[in-house]
Amino acid sequence: RLQAPQRLHAWSETVLNHCCSSIRRSSCSTRHLCSTGAAVQQHHNNKNHGQKKKRVHRLIAPETRPIPAEDLMGPPNKKKKIRKQIEKRAKRAAKEEAKALARAPRIQRSAQPLNAPDHVVSSLWSGPGSVDEATKLRRKALGVVVRGAAAQCPAPLEDDVKWGDARLPQPLWRRAGAKLNDATFTAVQRQAWPAALAGLDVLAVAPTGSGKTLAYVLPAVARLRRESSVAVALAPTRELAKQVLAAVKRALRGGTETAILVAGGAGASSRPEQADALRSAHFVVATPGRLADLASSNLAPRLNDASILILDEADRMLQLGFEEQLDAVAASVPGKRQTLLFTATFPGKLRDAAARWVRSLTVTVRVNASKGAAELEASSSVPAPPPVAAADADDAAAAAPPPPT
């Protein structure tokens, strides 16, 4: 019998021979055997054993230097040629666009007036119209030229007239004067107040900053309180409409009348809110687009009760392309109304549109005119109008004042 160490040695020899024969049959290239025969460790145990290695494609960084212009456009002669081709294409595209606009169908404007031409508005002015020499001299001193229904137009207010004058509706004027520290009346206010209170339609042409807002707000508030009616004022932009609304609210203090703003730019949720507020408002300050939209949707029934239509900065509204919306609003307001139109310029396009909006009893008031002349001088304080189409700009530049009546 072999002793225990001898048996262990024989067993180790048997295991070692068996492992060696197994390793020889395998294709492994890395093998490590224990010299004592106690264990056999195989260090190369890869899952991808026997598979080919994948080829790694390395990305090459692009060239970072800027590409010179010569490589893009070629030599200088070629550059000039390319520029000329680009300019020719642009001119050709502009000509084609102009031809397409010329071929487009023109909108046929209705020649019918959008009012009642012979309607007579009740007068809130105690004095009659005046065309005597004293009135002419007073207007000449103020730089005011009056045309149209001059025989029915009252004389301008005297220099010594204050806010508390008995001929002006009180206490409306007195409260407005207290807010303004009894400021001096401007030229457009001296002539527009008597004409508007006398029930005439007023076309006032005056530069910016001449007090046109109060020239139409105070007569409109006085008339809607006397007749329990509705006044509608249109402005070209939301910002200007907010300024007009602030002046209207100051004039309505002390009464039960309400004023609202109907304008876009406040989101889609403002449209139903404005439609609800429009049902009970007494003074509506709006932009043409939003008010025409509500009127076309039958959401502005309050316009049927309006007796005063005010167009502020009418020249800008036409420049912005609101003529169709203005016609729609004028058609929604009853024809038996008073129209007050205030503008900084009076081009031919505005005259054609105003002929559809005003009545036959209309007075045209021009401020800052040369003394005794019929032409309106351009005031240095008048800012440049917003950019408009070339046709509108030429129309405004070539427009001449209407012939005297």
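The model is predicted, so local features are given at pLDDT of at least 70 and side-chain atom pairs at pLDDT 80 or more, whereas totals for chains, interfaces and linings use all residues. Residues are numbered from 1 along each chain as its sequence is written, and side-chain values use heavy atoms, with hydrogens and water left out.

**Overall make-up**

The chain holds 14 helices and 10 strands, these being DSSP runs (H or I of at least four residues for helices, E of at least two for strands) numbered from the N terminus. Of its 405 residues, 40% count as buried, where buried means under 20% relative accessible area, exposed over 50% and partly exposed in between, with a 1.4 Å probe and protein chains only. Among contacts (heavy atoms within 4.5 Å) with a separation of 6 or more, 73% are between residues 24 or more positions apart. The accessible surface comes to about 24000 Å², and 54% of this belongs to carbon and sulfur atoms; the areas come from the Shrake-Rupley method with a 1.4 Å probe, and for residues only the protein chains shown count as cover.

**Salt bridges**

The structure contains 10 salt bridges, each defined as a side-chain nitrogen of Lys or Arg within 4 Å of a carboxyl oxygen of Asp or Glu. Three of them are set out here.

| Pair | N to O distance |
|---|---|
| Arg167 and Glu158 | 2.9 Å |
| Asp201 and Arg359 | 2.9 Å |
| Asp293 and Arg271 | 2.9 Å |

The bridge between Asp201 and Arg359 links distant parts of the chain, with Asp201 in strand 4 (residues 201–205) and Arg359 in the loop between helix 13 (348–357) and strand 10 (362–367), 158 residues apart. Asp201 is buried, at 0% relative accessible area, and Arg359 is also counted as buried, at 4%.

In the bridge between Asp293 and Arg271, Asp293 belongs to helix 10 (residues 288–296) and Arg271 to helix 9 (residues 270–278), so the pair ties together parts that are 22 residues apart in sequence. Asp293 is partly exposed at 30%, and Arg271 is partly exposed at 26%. Elsewhere, salt bridges with shared partners join Arg138, Glu158, Asp165 and Arg167 into one network. Within it, Arg167 is partly exposed at 28%, and Glu158 is partly exposed at 25%.

**A positive surface patch**

Lys80, Arg83, Lys84, Lys88, Arg89 and Arg92 gather in a patch of positive charge on the surface. Patches are made of residues with over 30% relative accessible area and no salt bridge, like charges being joined within 9 Å. Arg83 lies in helix 3 (residues 76–103) and, at 46% relative accessibility, counts as partly exposed.

**Helix 10 and its surroundings**

In helix 10, the residues Pro288, Arg290, Leu291, Ala292, Leu294 and Ala295 are buried. Their cover includes strand 5 (230–234), strand 6 (259–262), helix 9, strand 7, helix 11 (314–319) and helix 12 (323–332). Asn298, which follows helix 10, has a positive phi near 60 degrees.

Ala286 is part of strand 7 (residues 283–286) and is buried at 0% relative accessibility. Leaving aside residues up to four places away in sequence, Ala286 touches Ala233, Leu234, Ala235, Val262 and Leu291. Ala286 and Arg238 stand 48 residues apart in sequence and 7.9 Å apart in space, C-alpha to C-alpha.

Key: Patch = residues over 30% accessible without salt bridge, like charges linked within 9 Å, V, L, I, M, F, W, Y side chains within 5 Å. Lys, Arg positive; Asp, Glu negative; His and termini not counted. Charge placed at Lys NZ, Arg CZ, Asp CG, Glu CD.
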